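This report considers aromatic pairing and helix packing in one part of a protein model. The sequence and structure are shown first.

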Amino acid sequence: MAGDGPGPPRTPPSPLHWMRRAALGTAAAVLVTAGTGWGLYTKLNGNIRFDSDTQNELEKYEAERPDAGPPNVENILLIGSDNRGDGNEGYGADSGTQRSDTTILLHLAADRKSATAVSIPRDLMVQVPHCKRSDGKEIAEQTAQFNWAFQFAGAACTIRTVEKMTRIRITHHMIIDFVGFKKMVDAVDGVEVCLRRPINDEKAHLVLPGGRQTLHGEDALGFVRARKSLGNGSDTQRMERQQEFLGALVKKVQSNGVLLNPTRLYPVLDAATSSLTTDADLASLTGLYELVRSMRSIPTGRVQFLTVPRQEYRYDPNRDELVEPDAGRLFGELRRDRPVAVAPTQDPEETAAASDGKPDDPPSPAGGSAPPFPGTTAERGTCE
């Protein structure tokens, strides 16, 4: 009966047919990936807050600002705000004002072979220029401690104060608060530190055993904020501890391949972008990525941390003032994008034990060049 026997042999799919199916599958995968990628990009991009008030205020004073430095140099002012609002209420009462609890001038060399982070003490006595607050109130030029500039009139006043002091043009700025710092540390799964003795600091919300350990968000914040329970209680030692911690953070990010691993990079980007208020050029994922991409090849031994040369203020031992000509030499080297050398500072307790309390001067480099500034590098970490 017709139709009961086997039919004609089936023709195998042609190579063109398989190519079409592969193309359709690839297109679908690309669309799914692109959709997900675009969604993540949009989320991260939307996290960043653009500081338009600062940009508008700086434009009014363009004529008095320093000239731009050598091409491709970046001078970024990193401002750690002690804002008690926006989720930071647990660290004190929200008075409606804030000060720059930590301020660092980050200089990226034009050849991107080095990065130098210079801490500016909050109690440093400086000349704060005439500034205008967001409510329109005028602040007269005056001598005041550095962190008052941020309280007086925000980031624009702080930037102009730094530029007046250093004659270095600030190309970008970033503001990060307590919550943002914790998110960044948690995103890299904590940072290792070594403690000579246990810590119990109620004001810094910090209780830790002695020894080697990895600190996460809240403990990490307490560690860099603690003052009375660590060292001699000075802001000087706190800045040095902050520098060592940031160096260890940089080292961990580079050594763990975070920047080259999308799965590990996303949480870091999410934490960073949701924690930052920046200028217009950095207020996008593209802007931040280009900045990070240009930095990722800098060796950890060339990521340097130091504090502006300062001493006890002549009129108030609880304040600081610049040491000249050392401060001028540091600012001049950065302004001209010349190499800056740092040498490790010795632990005060170790120094006292070794030399009856008389610290040695840092060694001068060979060849009779200028002496290095006391500081550290990301290579050393906090347990070296």
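Predicted model: local features only at pLDDT ≥ 70, side-chain atom pairs only at ≥ 80, totals over all residues.

## The aromatic pair and its cluster

The count of aromatic pairs comes to four. One of them joins Phe223 and Phe245, whose ring centres are 6.0 Å apart and whose planes make an angle of 45 degrees.

Phe223 belongs to helix H5 (residues 217-225) and Phe245 to helix H6 (residues 235-255), so the pair ties together parts that are 22 residues apart in sequence. Ring pairs also bring in Phe181, which forms a cluster with Phe223 and Phe245.

## Packing of H5 against H6

The axes of H5 and H6 are 8 Å apart and meet at an angle of about 140 degrees. The two helices are therefore oblique to each other. On the H5 side the contact is made by Ala220, Phe223, Val224 and Arg225, and on the H6 side by Arg238, Arg241, Gln242 and Phe245. By class, four of the contact residues are nonpolar, one is polar and three are charged.

## Arginines over rings

Arg241 lies over the face of Phe223, at 5.5 Å from the ring centre. Arg225 is placed over the face of Phe178, with a distance of 4.7 Å to the ring centre. Both arginines are among the residues that make the contact of H5 with H6.

How values were computed
Residues numbered from 1 in each chain as written. Heavy atoms only, no water. Phe/Tyr/Trp six-rings, centres within 6.5 Å; stacked < 30°, edge-to-face > 60°. Helix = DSSP H or I, 4+ residues; strand = E, 2+ residues; numbered from the N terminus. Lys NZ or Arg CZ within 6 Å of the ring centre and 35° of its normal. Axes fitted to C-alpha atoms, helices over the stretch in contact; angles between N-to-C directions. Parallel < 35°, antiparallel > 145°, perpendicular 65-115°, else oblique. Contact = heavy atoms within 4.5 Å. Nonpolar A, V, L, I, M, F, W, Y, C, P; charged D, E, K, R; others polar.
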